[in-house]
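User: I am new to reading protein models and would like to go through one slowly. Please show me the sequence and the structure, and then let me ask about them.

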Amino acid sequence: MARLMGMLGLALCLAATVCADDHASGISGERAFLACAGCHSLEAGAPHGVGPNLHDLAGRPAGSVEGFAYSPALQAANLTWDAGTLTAWIVQTEHLVPGTWMLYHNHLEPEEVSRLVEYLLEPR
């Protein structure tokens, strides 16, 4: 079942990525998040999707949101979400946490990754 959910998540994230791909002028963090929104939400109290709700992400231990089934690899990773860990996660998810269930291929330019990270860490 977890594999099926992961595959569904990949399909949704890939569909969202097509909508967010706009490198001509660089994209905002909010627009870059469209590639994530097929799997994740940011609003307080919003339900989890294929991925966990990312509200209040800054300073939170990875794999710690109640009610979401994380991969054993992420639960054991001992990471805390900050600018450095988020950047590494977005740029090369599988290298940061081998065995994670999140399937994501980065399509963003470095400055767009920075904008996305800033957007994700903004207080809401």
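**Questions on the predicted model**

Analyst: Let us begin with Met102, which sits in the loop between α6 and α7; please keep in mind throughout that this is a predicted model.

User: How far is Glu109 from Val91, C-alpha to C-alpha?

Analyst: Glu109 belongs to the loop between α6 (93–96) and α7, and with a relative accessible area of 36% it counts as partly exposed. In sequence Glu109 and Val91 are 18 residues apart, while in space the distance from C-alpha to C-alpha is 9.5 Å.

User: How many helices and how many strands does the secondary structure of the chain come to?

Analyst: If we read the elements from the N terminus on, they run α-α-α-α-α-α-α. The secondary structure therefore comes to zero strands and seven helices.

User: What percentage of the residues in the chain is buried?

Analyst: The chain exposes about 6900 Å², and carbon and sulfur atoms supply 61% of that area. Turning from the surface to the residues that are covered, the chain has 124 residues, and the buried share of them is 40%.

User: Where do the buried residues of α7 lie when seen down the axis of the helix?

Analyst: Helix α7, residues 110–121, has twelve residues and reaches 17 Å from its first C-alpha to its last, which is close to the 16 Å expected at 1.5 Å a residue. Its buried residues are Glu112, Val113, Leu116, Val117, Tyr119 and Leu120. Seen down the axis of α7, these residues fall within an arc of 160°, so they line one face of the helix.

User: Which exposed residues does the face of α7 turned away from its buried side carry?

Analyst: On the buried side, what covers the residues of α7 includes α2 (29–32), α3 (34–37) and α5 (83–91). The face turned away from that side carries exposed residues instead, namely Pro110 and Glu118.

User: Which helices do the buried residues of α5 pack against?

Analyst: The residues Thr85, Leu86, Trp89 and Ile90 are buried in α5. Seen down the axis of α5, they fall within an arc of 130°, so they line one face of the helix. The partners that these buried residues pack against are α4, α6 and α7.

User: Is Leu74 buried or exposed, and what does Leu74 touch, not counting residues up to four places away in sequence?

Analyst: Leu74 is found in helix α4, and because its relative accessible area of 7% is under 20%, Leu74 counts as buried. Its C-alpha atom and that of Leu96, 22 residues apart along the chain, are separated by 9.5 Å. Leaving out residues up to four places away in sequence, Leu74 touches Ala62, Gly63, Trp81, Trp89, Val97 and Thr100.

User: How far away is the nearest side chain of opposite charge to Arg60?

Analyst: Arg60 lies in the loop between α3 and α4 (72–75), and its contacts, leaving aside neighbours within four places in sequence, are Asn53, Leu54, His55, Val65, Leu79, Thr80 and Trp81. Arg60 is buried yet has no salt bridge, and the nearest side chain of opposite charge, that of Asp56, is at a distance of 6.8 Å.

User: Near what value is phi of Asn78?

Analyst: Asn78 lies in the loop between α4 and α5, and at 73% relative accessibility this residue counts as exposed. Its phi is positive, in a residue other than glycine, with a value near 55°.

Key:
Residues numbered from 1 in each chain as written. Predicted model: local features only at pLDDT ≥ 70, side-chain atom pairs only at ≥ 80, totals over all residues. Heavy atoms only, no water. Helix = DSSP H or I, 4+ residues; strand = E, 2+ residues; numbered from the N terminus. Expected span 1.5 Å × (residues − 1). Buried < 20%, exposed > 50% of the residue type's maximum accessible area, 1.4 Å probe, protein only. Arc of directions from axis to C-beta. Contact = heavy atoms within 4.5 Å. Lys, Arg positive; Asp, Glu negative; His and termini not counted. Salt bridge = Lys/Arg side-chain N within 4 Å of Asp/Glu carboxyl O. Areas by Shrake-Rupley, 256 points an atom, 1.4 Å probe, with all protein chains shown as cover.
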